[in-house]
Amino acid sequence: LSGDAAVVKYIEVDGVIQPASSRYIQRALDEAIAAEAEAFLVYLDTPGGLLESTRDIIKAILASDIPVIVYVAPSGSRAGSAGVFITLAANIAAMAPGTNIGAAHPVSAGGKEINETMSAKVTNDMVAYIKSIAEERGRNAEWAEKAVRESVSITETEALQANVIDIVAKDLDDLVQQINGRKVMDKGVLVLEQVVFKRLKESVRTKILKTISDPNIAYILLMIGLAGLYFELSHPGAIFPGVIGGIATVLA
């Protein structure tokens with residue numbers, strides 16, 4: 001950036017991938033593009049999430065005008081299920097020591113196995129999708145297929161050796177050193193001699209949506225809702241339990 005420090009916008013995605021986190025990632029990426037940032041960095045730690053939300057995120061990453069870096073970190077983090085797709089879609093995929101990636105076989109929203117016919121259809125669709133992403137980024141499509149069909153999971157060292165990711169970096173400074181000067185297909189060369197990191201935080205709305213989208217919270221809301229409605233029906237005119245029950249049920 002001709003003498004100026006390069007700006008890298010970053011976000012932290014921790015938890016299940018669902019509509020709220022999808023909107024957060026897309027909004028942050030749009031802001032980074034509008035600000036003409038040198039790159040957009042996603043700290044990722046997820047057990048997985050919803051396929052449609054994952055597809056929306058990947059569409060945004062693949063269409064991005066600036067390089068997108070996905071960094072599975074810190075140590076102890078994972079890129080499970082939906083996280084595999086998102087990591088493979090990045091222009092630069094990195095992992096910290098002590099992390100893992102894989103186990104992307106599809107399950108129902110409740111975590112149960114899908115019936116045999118539907119499972120075959122969904123699995124084949126996801127295999128085609130993840131292979132196309134891996135091939136687009138020049139990564140190991142054969143392993144990507146196994147991650148979906150066989151739920152294989154590997155460490156960061158194995159992922160680097162298998163050409164699933166590009167870099168193993170112990171921390172942010174190490175990551176910057178390794179990617180500085182790296183050529184990114186269709187996006188030029190990353191110049192990070194001097195760099196300023198700017199975090200894009202979640203909005204209050206996003207935080208609320210993420211909280212109530214947690215399956216455990218949704219179950220609690222449903223129980224509160226049913227209890228409130230039952231009390232209102234048992235004691236007509238109480239009003240308050242019925243209102244709280246109705247709101248909790250709708251949120252659930």
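A cavity here is a set of points on a 1 Å grid over the protein atoms alone where a 1.4 Å probe fits but cannot get out. This is a predicted model, where local features need pLDDT of at least 70 and side-chain atom pairs count only at pLDDT 80 or more, while totals for chains, interfaces and linings use all residues. Residues are numbered from 1 along each chain as its sequence is written, and side-chain values use heavy atoms, with hydrogens and water left out.

The largest cavity has a volume of about 40 Å³, a volume being the space filled by probe spheres set on grid points that are joined across faces, edges and corners. Its lining (residues with an atom within 4 Å of a point) consists of Val 8, Leu 41, Ile 69, Leu 172, Leu 175, Val 176, Ile 179, Leu 192 and Phe 197. That makes nine nonpolar residues, no polar and no charged. Ala, Val, Leu, Ile, Met, Phe, Trp, Tyr, Cys and Pro count as nonpolar, Asp, Glu, Lys and Arg as charged, and the others, Gly among them, as polar. Helix α7 (residues 172-179) gives the most to this lining, with four residues; helices are DSSP runs of H or I with at least four residues, strands are E runs of at least two, and both are numbered from the N terminus.

Now for a pocket, meaning an open set with protein on both sides within 12 Å along at least five of seven lines. Among the lining residues are Asp 166, Arg 182 and Lys 183.

Next, look at helices α9 (215-234) and α10 (240-251), which each supply at least two residues of a nonpolar patch. The largest share, seven residues, comes from α9. Leu 226 sits in that helix and counts as partly exposed because its relative accessibility is 44% (buried is under 20% relative accessible area, exposed over 50%, partly exposed in between, with a 1.4 Å probe and protein chains only).

Finally, the backbone. Most residues other than glycine have a negative phi, and most peptide bonds are trans. The bond from Ala 73 to Pro 74, though, is cis, with omega near 0°; Pro 74 lies in the loop between β3 (68-72) and β4 (78-80). Ser 81 has a positive phi, near 50°, and is buried at 17% relative accessibility.
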